[in-house]
Amino acid sequence: QVQLVESGGGLVRAGESLRLSCTESGRTFSRHAMGWFRQAPGKEREFVAAISRSATNSYYQDSVKGQFTISRDDAKNTMYLQMNTLEPEDAAVYYCAARETLTLSSVFTTPGVYTYWGQGTQVTVSS
């Protein structure tokens, strides 16, 4: 059974940074394309960033390009989201997601195609 656990959320001031981690249990991490999503109160869950199995491809929501960086460390079964210059509009619960794929370079931006989800980690940004 695959389990995803997010960590690294918290309360920061506008302009500060956070690094989120998503650690996967089991031995299948290297077969998974991964993604980050977020959901703010009263809003739908939205795509943030995705990374391919091989880590050669990544893709970002337009609003976070140049601000957030997604990465993965297969030796640690862990994916990261480095978030810089945070603003109040970045506040949300951040979720990581995984899906098995045969292709090394594919990234996925739609929540419905992901099989596994973490419980989420809260990011709060004060102005």
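What follows goes from the overall build to the cores, the rings and one histidine.

## Before you start

This is a predicted model, so to speak of local features a pLDDT of at least 70 is needed, side-chain atom pairs count only at pLDDT 80 or more, and totals for chains, interfaces and linings use all residues. Residues are numbered from 1 along each chain as its sequence is written, and side-chain values use heavy atoms, with hydrogens and water left out.

## The overall build

The protein chain has 11 strands and zero helices. Here helices (H or I, at least four residues) and strands (E, at least two) are DSSP runs, numbered from the N terminus. With a radius of gyration of 14 Å, close to the 14 Å that the globule rule gives for 127 residues, the protein chain is as compact as a globular protein of that length. That radius is taken over C-alpha atoms, and the rule is 2.2 Å times the number of residues to the power 0.38. Along its principal axes, the C-alpha trace spans about 45 × 30 × 25 Å.

How much of the protein chain is buried? Buried residues make up 43% of the 127 residues; buried means under 20% relative accessible area, exposed over 50%, and partly exposed in between (1.4 Å probe, protein chains only). Now for contacts, meaning heavy atoms within 4.5 Å. Among those between residues at least 6 apart in sequence, 61% join residues at least 24 apart.

In soluble globular proteins, nonpolar side chains tend to be buried together. A nonpolar core is a set of buried Ala, Val, Leu, Ile, Met, Phe, Trp, Tyr and Cys residues joined through side-chain atoms within 4.5 Å. The largest one here has 26 residues, and Trp-36, Met-79, Leu-81, Met-83 and Tyr-94 touch the most other members. Strands that each supply at least two residues of this core include S3 (18–24), S5 (46–51) and S8 (78–83). S9 gives the most, with four residues.

Tyr-94 is worth a click: leaving out residues up to four places away in sequence, its contacts include Leu-20, Trp-36, Phe-68 and Val-123. There's also a second, separate core of seven residues, with Phe-37, Ala-50, Phe-108 and Tyr-114 among them.

## Rings and charges

A pair of aromatic rings is described by the distance of the centres and the angle of the planes. The structure holds six aromatic pairs. Rings of Phe, Tyr and Trp (its six-membered ring) pair if their centres lie within 6.5 Å; planes under 30 degrees apart count as stacked, over 60 as edge-to-face and the rest as tilted. Phe-37 and Trp-117 form a tilted pair, 5.0 Å centre to centre with 55° between the planes. This pair links distant parts of the chain, 80 residues apart: Phe-37 is in strand S4 and Trp-117 in strand S10. Phe-37 counts as buried at 0% relative accessibility, while Trp-117 counts as partly exposed at 26%.

Two charged ends join in. A charge sits over a ring if NZ of Lys or CZ of Arg is within 6 Å of the ring centre and within 35 degrees of the ring normal. Arg-45 does this over Tyr-95, 3.8 Å from the ring centre, and Lys-65 over Tyr-59, 5.8 Å from the ring centre.

## A histidine to find

Is His-32 buried or exposed? His-32 counts as buried, at 1% relative accessibility. You'll find His-32 in strand S4.
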